[in-house]
Every structure is written in C-alpha cells, then in structure tokens.
Amino acid sequence: MKKNKKNKMVILYTSAVITLLITFAFQGNKDWKAPDSSKDKKNPIAYSDESVAAGKKIYEKECLNCHGKKGRGDGKDAANQDATVADLTAAKVQAQNDGELFWKISEGRKPMPTNKKTLSEDQRWQVTNYVRSLGKAAKK
Ligand code: HEC
C-alpha cells in the first residue's frame with residue numbers, strides 16, 4: 001500500500017472511533033424513546049377511579065421511593081440514583097401515549113428496574129393510569 005493511502009485509512013479509522021466515542025458519551029440520561037410499535041398498544045384497562053386506585057397501590061410499593069409522592073422525581077431514594085429520576089408530571093412524559101408509558105414501565109432503564117416479571121400486564125396498565133392521574137393532578 002502506498003503511504004498516502006495508508007494515511008488516509010488511518011484518518012478514516014480514527015474519525016470512526018471518535019464518532020463512536022462521542023455517540024456513547026452523549027447517551028446518558030437524555031433521550032429515552034419508546035419504540036414506535038409501542039404506540040399502537042391500546043390500554044385495555046379503562047381509566048377509572050378503581051383502576052387509578054389500584055395503580056396507586058402498586059406505585060406506592062414499586063415507584064414511590066424514586067419518583068416521589070406526586071411523581072416529581074423526588075422520592076427518598078432519588079438522590080442516590082446515578083441517573084436523574086424522571087418527573088412523571090412533565091409535559092414530555094405526559095405527551096407520550098399509554099402504550100409508550102406502558103412500554104417504559106415494563107422495560108425500565110437502569111437504574112429504573114424492569115417490571116415485566118414483577119408486575120402482571122394488568123398491573124402495569126393500572127400503574128400507567130396512575131401515572132396519568134399524577135399528570136392531571138399536577139395541572140390543577
Ligand atoms: C430505582 C429508582 C426507580 C424506580 C423504583 C422506578 N423508576 Fe421510573 N425512572 C427512574 C429513572 C432514573 C428514570 C429515568 C430513566 C432515563 O431517562 O434513563 C425513570 C423513568 C421513568 C419513566 C419514563 C419517563 C420519560 O422520560 O419518558 C416512567 C414512565 C417511569 N419511570 C415510571 C415508573 C413507574 C410507574 C415505576 C414503578 C412501577 C418506576 N418508574 C420505578 C427511576 C426509577
């Protein structure tokens with residue numbers, strides 16, 4: 001290989017590595033997007049006093065310590081997490097549809113635990129309804 005060509009390869013390779021490093025460095029807490037397919041999943045549990053109350057019970061057990069009583073991301077363990085705990089009343093959270101919230105609640109993302117095994121589908125929809133109610137309460 002000619003020296004010129006070799007230099008070009010080295011430059012190409014180096015810039016590829018740098019691009020990758022930058023991509024990883026900015027992957028922090030910033031954007032967590034549910035896959036588009038999750039949007040099509042309809043909430044089978046009607047939003048009602050009953051389902052919100054059932055969701056509240058689950059929330060108090062599984063979510064409260066991080067997300068806080070009103071969902072503001074200020075639970076007692078929030079400060080000890082190595083990522084910012086989401087404010088569930090924020091417009092960018094409430095703007096997502098039930099399917100997207102259900103997906104995130106199911107999957108979790110470190111340090112938020114996954115709830116697929118610990119909560120049934122119905123329970124995850126109930127807690128989705130409760131997250132919705134936190135958004136409504138914050139608007140009042
Ligand atoms: C150990 C702390 C912890 C627990 C417990 C926890 N979360 Fe989270 N949650 C987080 C953190 C941290 C984030 C932000 C994750 C990110 O953006 O990378 C988050 C993000 C979310 C989001 C996405 C917000 C957005 O920006 O779209 C939802 C919805 C959510 N949590 C709901 C819940 C629900 C409901 C529960 C209980 C079933 C729960 N979380 C339990 C820490 C927690």
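## The second largest pocket

Among the lining residues are K56, Y59, Y130 and L134.

A pocket here is an open set of points on a 1 Å grid over the protein atoms alone, where a 1.4 Å probe fits, with protein on both sides within 12 Å along at least five of seven lines; lining residues have an atom within 4 Å of a point.

## About the model

This is a predicted model, in which local features need pLDDT of at least 70 and side-chain atom pairs count only at pLDDT 80 or more, while totals for chains, interfaces and linings use all residues. Residues are numbered from 1 along each chain as its sequence is written, and side-chain values use heavy atoms, leaving out hydrogens and water.

## The largest pocket and its ligand

About 860 Å³ of space lies in the largest pocket. Of its 34 lining residues, W32, H67, A86, L88 and M112 are the closest to its centre. The ligand sits in this pocket (more than half of its atoms lie within 2 Å of the grid points).

## Around the ligand

The ligand is surrounded by 23 residues, with C63, C66, H67, K104 and M112 the closest (a residue counts if one of its heavy atoms lies within 4 Å). A polar side-chain atom of H67 lies 2.8 Å from a ligand nitrogen atom. Ligand oxygen atoms lie 2.9 Å from a polar side-chain atom of Q96 and 2.8 Å from one of K104.

Methods
A polar contact is a pair of N or O atoms within 3.5 Å; within protein, one must be able to donate a hydrogen and the other to accept it, and residues adjacent in sequence count only if both atoms are side-chain atoms. Grid points are joined across faces, edges and corners, and a volume is the space filled by probe spheres set on the points.
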